[in-house]
Amino acid sequence: MPQEGQSAGVRELIAQGRVEEAAAALGRPHRVEGVVVHGAARGRELLGFPTANLDAAEGGEVPDDGVYAGWLLRTDPDQGAEARWPAAISVGTNPTFEGTERTVEAYALDRDDLDLYGEKMAVDFVHRIRGQRRFADVDELIEAMNADVERARVLMRDEAAPQV
């Protein structure tokens, strides 16, 4: 755990998206919690990556905009048997779609059968994959998302699952 004087430094690391360094200082991955809310449904309907959109307004410091590898966790295991999934996580405003609202979205790797709306969930940020960027079109975005998901799979392959 960070000492009192280190807290500002850890917050700064998180604000910069340096989640691996923040985890080293915290002794665990940085976690953001929130209730899964309905988004624009582009992930499921247009892009092929259904995401859990967290209402994370009061659930912790959200890292810098970008794509991360980490964990999507059900914080109330009584809601279902599986409680955690490796995930590709997007933080940002969805600039390819001219978005203005900052979101935290997590795609549970290789899962398209989860219905998590209304559930309290958490996201653990383990690795930063890249910063946020605007793509010329949807095809270019999907190509990048495929690469991001593959990178998340590789990064999370040997990560120990966190406790809920």
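# A strand barrel and a helix pair

The crossing of helices α1 and α2 is left-handed. The contact between them is made by V10, L13 and I14 on the α1 side and by E21, A22, A25 and L26 on the α2 side. Sorted by type, the residues of this contact are six nonpolar, one charged and no polar. The model described here is a predicted one.

Two packed helices are described by the angle between their axes and by the distance between those axes. Helix α1 covers residues 7-15 and helix α2 covers residues 19-26. They pack at an angle of about 155 degrees, and their axes are 8 Å apart. Angles over 145 degrees count as roughly antiparallel, and α1 and α2 are therefore roughly antiparallel to each other.

Helix α2 lies across three of them, namely β1 (30-37), β3 and β6 (120-131). Relative to β6, α2 runs at about 125 degrees.

These strands belong to a barrel. Six strands close into it, in the order β1-β2-β5-β4-β3-β6, and the pairing is antiparallel. From one strand to the next, the twist averages 45 degrees.

Strand β1 pairs with β2 (residues 52-55) in the antiparallel sense, over three bridges. Here V37 stands opposite N53 of β2. Strand β2 is in turn joined to β5 (residues 103-108) by three bridges, and these two strands run antiparallel.

On another side of β1 lies the pairing with β6, which is antiparallel and has six bridges. In that pairing, H30 stands opposite F125 of β6. Strand β6 also pairs with β3 in the antiparallel sense, over nine bridges. One of the residues involved is L72, whose bridge partner in β6 is V123. Strand β3 is joined to β4 as well, by eight bridges, with the two strands running antiparallel. There, the bridge partner of G66 in β4 is V91.

Two loop residues remain to be located. Where is A83 found? A83 is in the loop between β3 (66-74) and β4 (84-92). Is A83 buried or exposed? Its relative accessible area is 13%. Buried means under 20%, so A83 counts as buried. A83 can also be placed by its distance from L72: the two residues are eleven apart in sequence, and their C-alpha atoms are 8.4 Å apart in space.

F135 counts as buried because its relative accessibility is 3%, and the cut-off for buried is under 20%. The C-alpha atom of F135 is separated by 9.7 Å from that of N94, although F135 and N94 are 41 residues apart along the chain.

Terms used
Residues numbered from 1 in each chain as written. Predicted model: local features only at pLDDT ≥ 70, side-chain atom pairs only at ≥ 80, totals over all residues. Heavy atoms only, no water. Axes fitted to C-alpha atoms, helices over the stretch in contact; angles between N-to-C directions. Helix = DSSP H or I, 4+ residues; strand = E, 2+ residues; numbered from the N terminus. Parallel < 35°, antiparallel > 145°, perpendicular 65-115°, else oblique. Left-handed = near helix turned anticlockwise from the far one by under 90°. Contact = heavy atoms within 4.5 Å. Nonpolar A, V, L, I, M, F, W, Y, C, P; charged D, E, K, R; others polar. Buried < 20%, exposed > 50% of the residue type's maximum accessible area, 1.4 Å probe, protein only. Pairing = 2+ DSSP bridges.
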